[in-house]
Amino acid sequence: MARGVGPGSAWKVGAVAAILAAAAAVLIVKGLETPRPQTEPDLSVRVGLPQERDIRRVITLNSWVSSQATVVVVPKVAGTLLALDVDVGYRVKAGDRIGLVDPAPYELALEQARVARDGARNEYERARKLFESGSTGQQNLDMARTQAESASAQYDIARLNYDNTRITAPVSGEIVNKSSNVGSLVSTAVPIVTISADGELLVSTQVPERYAPRFFPDPPARVTVSAAAASLADLPARIRSVSPFVKSETRTFEVTCALEGRHPALLPGMFVSVGFVLESVEGIPALPLTALDGSRRAWALDRDSMTVRPVDLSKSFTDGVWIALDEGYQGREFVTEGQYLLKEGARVRVLENGAAGTDGEPK
């Protein structure tokens, strides 16, 4: 005989079925729901105020120092160099003795010339007296006069050669090269020393032709020279000349500058960098270049909404460290750190306030 289902069992089965149906309905509804977007977290940044700066646009070019005049000293007579009184680095004044050629041969020639001069003078005096007494003619007198004058000139030459055995500095300056040594045979074609004459130190540099409009017709008024080897920076200089043509092989034109004042540590031949101030803006609000993002934008902060917006500075004036802002941005806060992840309208959380320094860090 088959067993029947009792009333209690039927109730239990119905309850379980109802529960399962309700669970299924919940899952279906949740599956149909659209996911709610999650709010992006605020970005942490540091901000700073623009600083009032004097911004200069400068081009910096390499060059070398030269003296206004470099004089190569050669003996005026040939012979053996008996003395050389100077060495590289010595300072001399015009007229100082710097060397001596053996004077003995020239001293002997001088004595011979003196004897010949005195003899010719005596002969001329005798001829003059004979002419006055009528004992000789005009021709003999003229010949005696010519011989006396020639002998006197030969003496003067011998005297000059003897004096020139003493080699002297033709200009004041510094010995920058020594070419001979004591005991060497020298001549009027053999250099002894080279003197860098006192005076203005010059710096000549080659300027790319694209800057020609900045130099013609009026060259930059401000020029500075720096020498890292001598720990010298921003020495004042002035432009002495600007070449009026461009070299076709290098596409450059030469500009020569003169350093102002004396700088003992700056030597001829020393490597330097020359800065030409092409433009200058004074007292303008500016940000350090480190405050820009990769697209040359700065990010201004809106304190009311704590959001940021970009400010395009791609055409703004810069000196390579600071970049100029419009006057209207004076007192406006800008992001100085954390700008690379920003988007327009992004909410931010300010970690620290303060004026931006040149390194982009608030002070």
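**Salt bridges and beyond**

Q: How many salt bridges does the structure hold?
A: The structure holds 19 salt bridges, and please keep in mind that this is a predicted model.

Q: Okay, take arginine 347. Which side chain does it meet in a salt bridge?
A: The partner of arginine 347 is aspartate 42, with an N to O distance of 3.5 Å. Arginine 347 sits in the loop between strand S19 (334-337) and strand S20 (348-352), while aspartate 42 belongs to the loop between helix H1 (7-32) and strand S1 (43-48), so this pair ties together parts that are 305 residues apart in sequence.

Q: And how accessible are arginine 347 and aspartate 42?
A: Arginine 347 counts as partly exposed because its relative accessibility is 45%, and aspartate 42 is also classed as partly exposed, at 36%.

Q: What about aspartate 87, what does it form a salt bridge with?
A: Aspartate 87 pairs with lysine 178, and the closest N and O atoms of the two are 3.8 Å apart. Since aspartate 87 is in the loop between strand S4 (79-84) and strand S5 (91-92) and lysine 178 is in strand S8 (residues 173-178), the pair ties together parts that are 91 residues apart in sequence. Aspartate 87 is partly exposed at 32% relative accessibility, and lysine 178 is partly exposed with a relative accessible area of 30%.

Q: Now arginine 114 and glutamate 111: how far apart are N and O in their salt bridge?
A: The N to O distance between the side chains of arginine 114 and glutamate 111 is 2.4 Å.

Q: Where do those two sit, and how many residues separate them?
A: Both arginine 114 and glutamate 111 are in helix H2 (residues 104-132), and because they are 3 residues apart there, about one helical turn separates them. Arginine 114 is partly exposed, with a relative accessible area of 30%, and glutamate 111 is likewise partly exposed, with 37%.

Q: Switching to the surface: which residues gather in the patch of negative charge?
A: That patch brings together Glu52, Asp54, Glu282, Asp326 and Glu327. One of them, aspartate 54, is found in strand S2 (residues 51-67).

Q: Let's zoom out. How many helices and strands does the chain have?
A: The secondary structure comes to 4 helices and 20 strands. Of the 363 residues of the chain, 35% count as buried, and the chain exposes about 21800 Å², of which carbon and sulfur atoms supply 53%.

Q: What share of the contacts between residues at least 6 apart joins residues at least 24 apart?
A: Among contacts between residues at least 6 apart in sequence, 76% join residues at least 24 apart.

Q: Show me something in the interior. Is valine 255 buried or exposed?
A: Valine 255, which lies in strand S14 (residues 252-259), is buried, with a relative accessible area of 0%. Not counting residues up to four places away in sequence, valine 255 touches Val203, Ser204, Thr205, Val207, Phe215, Ile239, Ser241, Val242 and Phe276.

Q: And threonine 194, buried or exposed?
A: Threonine 194 counts as buried at 10% relative accessibility, and its place is in strand S10 (residues 193-197). Leaving aside neighbours within four places in sequence, its contacts include Thr70, Val72, Glu174 and Val176.

Q: Last topic, the backbone. Which peptide bond is cis, the one going to proline 217 or the one from it?
A: The bond from phenylalanine 216 to proline 217 is cis, with omega near 0°, and proline 217 is found in the loop between helix H4 (212-215) and strand S12 (223-227).

Q: What is phi for aspartate 234 and for arginine 251?
A: Phi of aspartate 234 is near 55°, a positive value in a residue other than glycine, and arginine 251 has a positive phi of about 55° although it is not a glycine either. Aspartate 234 lies in strand S13 (residues 232-242) and is partly exposed, with a relative accessible area of 47%, whereas arginine 251 is in the loop between S13 and S14 and counts as partly exposed at 40%.

Methods: Residues numbered from 1 in each chain as written. Predicted model: local features only at pLDDT ≥ 70, side-chain atom pairs only at ≥ 80, totals over all residues. Heavy atoms only, no water. Patch = residues over 30% accessible without salt bridge, like charges linked within 9 Å, V, L, I, M, F, W, Y side chains within 5 Å. Areas by Shrake-Rupley, 256 points an atom, 1.4 Å probe, with all protein chains shown as cover. Salt bridge = Lys/Arg side-chain N within 4 Å of Asp/Glu carboxyl O. Lys, Arg positive; Asp, Glu negative; His and termini not counted. Charge placed at Lys NZ, Arg CZ, Asp CG, Glu CD. Buried < 20%, exposed > 50% of the residue type's maximum accessible area, 1.4 Å probe, protein only. Contact = heavy atoms within 4.5 Å.
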